[in-house]
Amino acid sequence: MSVSNTSEQWWDERILITAKTYPIPHAKHHETVCTAGINENGEWRRLWPIPFRHLSGPQQFRKYEWIEARIRKQGSDRRKESHVVDPDHLRATGEVVGPERNWQRRRDLILRWQAASLEELSARYEEDLTSMGVFRPREFGGLKITWRDKPHWSRELQNKTEQGILWASVPSLRPLPFQLHLEYRCDSPRCPGHEQSIMDWEMGARYWTEFERNPDEQVAAEATQKAFSEFFTAGFDTWLHVGTLGPVWKSWVIIGLLRPKAAAQTSLFEYV
Ligand SMILES: [Zn+2]
């Protein structure tokens, strides 16, 4: 008797990468990154597992780059966007969508699929397990540093990761000693206000750059906080890219920031 199981069906797709979260160790895959993207039909994708730092050169993709991937729906993670990637059929195309003309192409490909608010996304989660999206808050509040009182992952897990790294010649994965939490309010009368952690890889990368410049955790974290605070000022038209934290845990976190520069008065003349 043949049993058809649709969750086992693979297909090929072009996906525009929109966010990568800071990597965490994984017992089986050494380390993983939550990679988010959107396909040509405007459907969001969460791709897993992608041991990003272990990919070979031609497979290492950038934010806003189109990739070609063979994927299937993930059976154990029922969230609408979660898909498994076949690592043998993953290719970075080198086609990067640039920020020219005030982000016009990125707006057409990504921001046109915006949600109105986190409240809208939460309602859609209840309907069909929508667990990812972008939207523009009505106002931003503070960006706060929260220190972790213990490392983000265990020594045992770190050791397993190190074993993988011995052959992969990738620098050791370091846990961040802090989190950045953003306060904001959506453009919705139902919005109670939010405070969420930013898990964007760019934030972690910025911290380590600062830490190498001055190896003091407090100073480096504050420099990162200062640099990221700028994205929530009038100089930027920042959108939040959010996703839920896990297959069953429906708290939302910020997986990336989409941050066009705010159109300056003078740029109006470009269109005259
Ligand atoms: Zn809200």
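Let's start in helix 4, where M203, Y207 and E210 are buried (20 or more other C-beta atoms within 10 Å of a residue's own, with C-beta atoms placed from the backbone). Because they cover an arc of only 65° around the axis, they sit on the same side of helix 4; the arc is that of the directions from the helix axis to the C-beta atoms. The buried residues of this helix pack against strand 9 and helix 5, a contact being two C-beta atoms, placed from the backbone, within 7 Å.

This is a predicted model, in which local features need pLDDT of at least 70 and side-chain atom pairs count only at pLDDT 80 or more, while totals for chains, interfaces and linings use all residues. Residues are numbered from 1 along each chain as its sequence is written.

Helix 4 has 13 residues and spans 19 Å from first to last C-alpha, close to the 18 Å expected at 1.5 Å a residue (1.5 Å times one less than the number of residues).

Pairing calls for at least two DSSP bridges between two strands, and 4 bridges join strand 9 to strand 10. Y184 stands opposite H194 in strand 10.

| Element | Residues |
|---|---|
| Strand 9 | residues 178-185 |

Buried residues make up 27% of the 272 residues.

Note on methods: Helices (H or I, at least four residues) and strands (E, at least two) are DSSP runs, numbered from the N terminus. A residue is buried if 20 or more other C-beta atoms lie within 10 Å of its own, exposed if 12 or fewer, and partly exposed in between; C-beta atoms are placed from the backbone.
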